[in-house]
Number of protein chains: 2
Amino acid sequence: MEIENVISFKEAKACPIQFVLAVNDTLNVISGKWKLPIIGSLLFEKRRFTDIQRTISKITPRMLSKELKDLEMNGMVKRTVYDTTPITVEYELTESGKLLSDVLDKMLEWGMQHREATIGKN
Amino acid sequence: MEIENVISFKEAKACPIQFVLAVNDTLNVISGKWKLPIIGSLLFEKRRFTDIQRTISKITPRMLSKELKDLEMNGMVKRTVYDTTPITVEYELTESGKLLSDVLDKMLEWGMQHREATIGKN
DNA sequence: TATATCGATATACTTTAGTATACTAGCAAT
DNA sequence: ATTGCTAGTATACTAAAGTATATCGATATA
C-alpha cells in the first residue's frame with residue numbers, strides 16, 4: 001500500500017466528510033434487519049448455526065448464512081469448523097466484535113434518553 | 001398511557017431482547033444513505049434546505065425532503081419557517097439530536113480501531 | 001413578459017434488502 | 001430402507017430504499 005490513508009481521530013472529528021465516512025464504516029457493519037440480533041446472540045457466548053437460529057426465531061437459514069458471512073468478512077465474527085458427525089460450526093465475536101459493545105452501550109443510553117426526551121411531544 | 005413500559009438502562013443491558021430493541025431505536029434514527037450526511041451538515045450550525053442540498057452534492061430534493069421529514073418526526077431536527085420572500089426554512093438539531101454526537105464519536109472511535117485491527121487480515 | 005429563487009412535490013423507474021419454500025451431502029440411529 | 005441431524009444452498013419471489021426527471025406556487029427581478 002503506497003498511499004498513507006490513515007487519519008487520526010482528531011482529524012476525522014474536525015473534517016465533516018472524513019467524520020461521516022468513518023462513522024459510516026461502523027454503521028455499515030451493524031445495519032440491516034438481523035445484524036444486531038446476531039451480534040446480541042454472540043455477545044456473551046459462542047454459538048453454533050442452528051443454535052443462533054433458535055435464539056432468533058424468525059430468521060431464515062438463508063439470511064442467517066448471508067449475515068454471518070458478511071460479519072465474518074468484516075472481521076466481526078470468527079467461524080470455526082469442527083470435524084464431528086454431524087459437522088459442527090462455531091461462531092464467535094472477534095476482539096473487535098466484542099469491543100463493539102461499547103458502541104452499543106452508547107446507543108442504548110442515547111436511545112433511552114431520547115425516548116424520555118420525546119415522550120408525548122408528538 | 002396505562003401500561004408502564006419504561007425500563008431502566010440496567011434492565012435493558014441485562015435482557016438481550018430489550019437490549020436489541022432499544023439499540024435498534026437508535027439505529028433506525030441514523031440508518032439510511034443520507035441520514036449521517038444530513039446530521040453531519042447540521043452538527044455545528046443551522047441550515048436552510050438549499051444550503052443542506054449544496055453541502056451534500058449528490059442528494060436529490062426528494063430524498064432530502066423525505067429524510068428531513070423522518071428526522072423531524074423522530075425528534076432529531078426542528079424545522080422553522082420564516083415568512084420572507086422567497087420563503088426561508090431553517091433546519092437545526094434538537095437537544096437530543098446534538099447529544100447524538102456522543103454516539104457518533106464512539107462509532108468513529110470504534111470504526112478507526114477496527115480498521116487498525118483488521119488491516120491486512122483479509 | 002420572461003426568468004429566477006425558495007422549498008419542496010409527482011410520477012415512474014431501478015436497485016437493494018429481505019422472504020418463502022424447497023432442497024442438498026454426509027453420516028448415524030431406528 | 002427410512003428418518004433425522006448438521007450447516008447450509010438454490011430459485012423465485014415481494015417489499016423497501018433510492019434515483020431520475022419534470023414540475024409546482026408564490027414572489028421578485030430584468
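How many of the 6 residues of strand 3 (residues 88–93) of chain A are buried? The structure is a predicted model, in which local features need pLDDT of at least 70, side-chain atom pairs count only at pLDDT 80 or more, and totals for chains, interfaces and linings use all residues. Residues are numbered from 1 along each chain as its sequence is written, chains are lettered from A and ligands numbered from 1 in the order in which they are written, and side-chain values use heavy atoms, with hydrogens and water left out.

Strand 3 of chain A is mostly covered, with 5 of its 6 residues buried. Here buried means under 20% relative accessible area, exposed over 50%, and partly exposed in between (1.4 Å probe, protein chains only). Helices (H or I, at least four residues) and strands (E, at least two) are DSSP runs numbered from the N terminus. In chain A, 3 strands form an open antiparallel sheet in the order 1-3-2. Strand 1 and strand 2 of chain A are the edge strands, each pairing on one side only; two strands pair if DSSP finds at least two bridges between them.

Strand 1 (residues 47–48) of chain A runs antiparallel to strand 3 of chain A and is joined to it by 2 bridges. Within this pairing, Arg48(A) has Glu90(A) as its bridge partner in strand 3. Strand 2 (residues 77–82) of chain A also pairs with strand 3 of chain A in the antiparallel sense, over 6 bridges, and a hairpin of 5 residues connects strand 2 to strand 3. Thr80(A) stands opposite Glu90(A), and Lys78(A) stands opposite Glu92(A). Helix 3 (residues 35–42) of chain A lies across strand 1, strand 2 and strand 3 of chain A, at about 95 degrees to strand 3. Such angles run from 0 to 180 degrees between N-to-C directions, the axes being lines fitted to C-alpha atoms, for helices over the stretch in contact.

In chain B, helix 3 (residues 35–42) packs against helix 5 at an angle of about 75 degrees, with the axes 10 Å apart. The two helices of chain B are therefore roughly perpendicular to each other (65 to 115 degrees; under 35 counts as roughly parallel, over 145 as roughly antiparallel and the rest as oblique). Lys35(B), Ile38(B) and Ile39(B) of helix 3 meet Leu64(B), Glu67(B), Leu68(B), Asp70(B) and Leu71(B) of helix 5, where contact means heavy atoms within 4.5 Å. By class, this contact has 5 nonpolar, no polar and 3 charged residues.

Over all chains, the structure holds 22 salt bridges, each a side-chain nitrogen of Lys or Arg within 4 Å of a carboxyl oxygen of Asp or Glu. One of them is formed by the side chains of Arg115(B) and Asp25(A), at 2.3 Å from N to O. Arg115(B) lies in helix 6 (residues 95–118) of chain B and Asp25(A) in helix 2 (residues 16–30) of chain A, so the pair joins two chains. Arg115(B) is partly exposed at 45% relative accessibility, as is Asp25(A) at 29%.

Within chain B, Arg47(B) forms a salt bridge with Asp51(B), with the closest N and O atoms 3.8 Å apart. Arg47(B) is buried at 16% relative accessibility, whereas Asp51(B) is partly exposed at 22%. A further salt bridge links Asp70(B) and Lys66(B), with the closest N and O atoms 4.0 Å apart. Both residues lie in helix 5 (residues 61–73) of chain B, 4 residues apart, about one turn of the helix. In chain A, salt bridges that share partners join Lys35(A), Lys66(A), Glu67(A) and Asp70(A) into one network.

Notes:
Nonpolar A, V, L, I, M, F, W, Y, C, P; charged D, E, K, R; others polar.
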